[in-house]
Amino acid sequence: MQLSENLTLRECTKSITASRLGINNTPDEWETENLRQIARYVFQPLREGLGVPIYVSSGYRSLELNTAIGGSSRSQHIQGRAIDLDADAYGGTTNGDIFRYIRNCIEFDQLIWEFGDEDNPDWVHVSYVHDGDNRGRVLKAVRDDKGQVVYKVIFD
Ligand SMILES: [Zn+2]
């Protein structure tokens with residue numbers, strides 16, 4: 001099923017962990033609608049703006065899958081409102097490019113620079129709320145001395 005011209009539902013639900021553990025990762029109708037909205041208003045404009053394929057490394061996560069991978073219980077991935085993007089597989093465009101394009105050109109709820117270095121995050125997390133307020137929060141995920149994940153607010 002197409003969510004938008006260049007994004008399928010399958011790309012937003014596939015998970016190696018879910019396959020390996022036999023976890024059902026099928027979104028319900030509401031969650032699918034949320035995916036359709038983030039595809040239409042975030043992914044597609046980004047895809048067309050940068051003009052290159054963009055890999056979705058994680059999209060929808062059922063509660064069971066989210067628990068299995070140690071995701072936050074409040075993760076917007078559970079509602080189908082968040083996608084993780086990674087340009088690494090293609091070349092030409094970097095994760096830093098993806099981050100900056102979204103920040104400058106697209107309405108979003110939360111945008112996260114996920115680890116990486118000064119030039120590029122390891123991946124980009126973005127969420128979108130179509131039936132409420134988009135906060136436009138920009139965060140950077142880093143690890144502290146003990147290896148715990150800390151989110152630094154860049155813009156709120
Ligand atoms: Zn994410």
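Predicted model: local features only at pLDDT ≥ 70, side-chain atom pairs only at ≥ 80, totals over all residues.
**Exercise 1.** Work out how α3 and α5 are oriented to each other, and which residues make the contact.

*Solution.* Two packed helices are described by the angle between their axes and the distance between the axes. Start with the angle: helix α3 (residues 29-50) and helix α5 (residues 95-105) pack at about 120°. Their axes lie 10 Å apart. Angles of 65 to 115 degrees count as roughly perpendicular and those over 145 as roughly antiparallel, so α3 and α5 are oblique to each other. As for handedness, the crossing of α3 and α5 is right-handed. Sort them by class and you get six nonpolar residues, one polar and no charged ones.

**Exercise 2.** Find what lines the largest pocket.

*Solution.* This pocket holds about 720 Å³ of space. Its lining has 25 residues, with Ser 72, Ser 75, Ile 112, His 125 and Tyr 151 nearest the centre. Next, look at the strands: β3 (55-58), β5 (110-114), β6 (123-127), β7 (137-143) and β8 (149-155) each give at least two lining residues. By class, the lining splits into eight nonpolar, 10 polar and seven charged residues.

**Exercise 3.** Now do the second largest pocket: which element supplies the largest share of its lining?

*Solution.* Here the space is about 250 Å³. Of 13 lining residues, Lys 14, Ser 15, Ile 16, Ser 57 and Ser 58 sit closest to the centre. Two or more lining residues come from each of α2 (16-21) and β3. The largest share, three residues, belongs to β3. Class by class, the lining has five nonpolar, six polar and two charged residues.

How values were computed
Residues numbered from 1 in each chain as written. Heavy atoms only, no water. Axes fitted to C-alpha atoms, helices over the stretch in contact; angles between N-to-C directions. Helix = DSSP H or I, 4+ residues; strand = E, 2+ residues; numbered from the N terminus. Parallel < 35°, antiparallel > 145°, perpendicular 65-115°, else oblique. Left-handed = near helix turned anticlockwise from the far one by under 90°. Contact = heavy atoms within 4.5 Å. Nonpolar A, V, L, I, M, F, W, Y, C, P; charged D, E, K, R; others polar. 1 Å grid on protein atoms, 1.4 Å probe; cavity = no way out; pocket = protein on both sides within 12 Å on 5 of 7 lines; lining within 4 Å. Points joined across faces, edges and corners; volume = space filled by probe spheres on them.
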